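Please examine the sequence and the structure shown below.

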Amino acid sequence: DFSVSLPQNGNDELGDLAHSISRLANDLKYLKQERIDFLASISHELRTPLTYIKGYADIVHSRNLSIEDRDKYLNIIREEANRLSDLIKDLFDLAKMDKNSFIIQKRYLDLTDFMLKIKQKFTPAFKEKEMELKVSCPEDLFIMADPSRLEQIIFNLLDNAIKYSPSGAKTLLTVSRKKKDIYIKIKDNGKGIPEEDLPYILNRFYRVDKSRTRSLGGTGLGLSIVKELVLAHGGKISVKSKEGKGTEFELIFKGAG
Ligand code: ADP
């Protein structure tokens, strides 16, 4: 237990010190609890796919199944193994970020060019769900950023826009500049996020709908990775959403040149 109480004897400096120490103790307590919660979530998240894999492997092994059933179960095993490998990759990334051993290799990037490539790369995934991706970026916008990390940020946000929107929906990726700041906005008109969930949405493993999200195949870590990557670039992230209307993520980076 980290709780500390120091006598408050009217001496202002000592009082301030006591106050700081007790605030620090509270922070430590919070961090300790957060670590315990995180570890509990990790073991839960790892155990669930493993339970499926073991269960279906036993069935395939021990029963005489029709070819269709066998294929169905093998497919589940493959999907769950993929989920495990995504999860381990995400956890590994986050662990590196926590240790500050995460290397961001910033380069001078032409955003117009970069966004054009993003559009080409992601359009097929949107088409597959009969959705539309509109990208708008003015000419001559430059930024200092790690291109593969910036792509990962945008990938995670667009991937969510696809997952949490019905077919026929539209996503806008808009880049603009205000003074020296570059704004990247990703706006969808999908299912939106309830107001009570919004403050927690960038936290690790936080999901609005635990059961439904599982069938969509996310790790629950996508947005927390986005947040860490944006902060590692010295940027800012915010989110606005209305349930049933849609969601908008806004990223702010320092422009270059
Ligand atoms: P997941 O792997 O579950 O998608 P994320 O960290 O990427 O994990 O997102 C956390 C949760 O935030 C999701 O489970 C979903 O409930 C909600 N969410 C994220 N993006 C959107 C979006 N564009 N529209 C609606 N809900 C979203």
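**The ligand and a pocket**

The shell of residues around the ligand consists of seven nonpolar, eight polar and three charged residues. This is a predicted model. In it, 18 residues surround the ligand, and the closest are Tyr164, Asp188, Thr219, Gly220 and Leu223.

Which atoms of the protein lie 2.9 Å or 3.4 Å from atoms of the ligand? In the side chain of Asn160, an N or O atom is 2.9 Å from an oxygen atom of the ligand. Thr219, one of the closest residues, has a backbone N or O atom that lies 2.9 Å from an oxygen atom of the ligand. For Thr247, an N or O atom of the side chain is 3.4 Å from a nitrogen atom of the ligand. On its own, the ligand has 530 Å² of accessible area, and the protein covers 97% of this area. Two elements, α4 (147-163) and α6 (222-232), each give two or more residues to the shell around the ligand.

The next part of the structure to consider is the second largest pocket, which holds about 630 Å³ of space. Its lining comprises 19 residues; Tyr30, Glu34, Arg35, Phe38 and Arg204 lie nearest the centre of the pocket. The elements that give two or more residues to this lining are α1 (12-62) and α6. The largest share, nine residues, comes from α1. By kind, the residues of the lining divide into seven nonpolar, four polar and eight charged.

Note on methods
Residues are numbered from 1 along each chain as its sequence is written. This is a predicted model: local features need pLDDT of at least 70, side-chain atom pairs count only at pLDDT 80 or more; totals for chains, interfaces and linings use all residues. Side-chain values use heavy atoms; hydrogens and water are left out. A residue is near a molecule or strand if one of its heavy atoms lies within 4 Å of it. A polar contact is a pair of N or O atoms within 3.5 Å; within protein, one must be able to donate a hydrogen and the other to accept it, and residues adjacent in sequence count only if both atoms are side-chain atoms. Accessible areas come from the Shrake-Rupley method with a 1.4 Å probe; for residues, only the protein chains shown count as cover. Helices (H or I, at least four residues) and strands (E, at least two) are DSSP runs, numbered from the N terminus. Ala, Val, Leu, Ile, Met, Phe, Trp, Tyr, Cys and Pro count as nonpolar, Asp, Glu, Lys and Arg as charged, and the others, Gly among them, as polar. On a 1 Å grid over the protein atoms alone, a cavity is a set of points where a 1.4 Å probe fits but cannot get out, and a pocket is an open set with protein on both sides within 12 Å along at least five of seven lines; lining residues have an atom within 4 Å of a point. Grid points are joined across faces, edges and corners, and a volume is the space filled by probe spheres set on the points.
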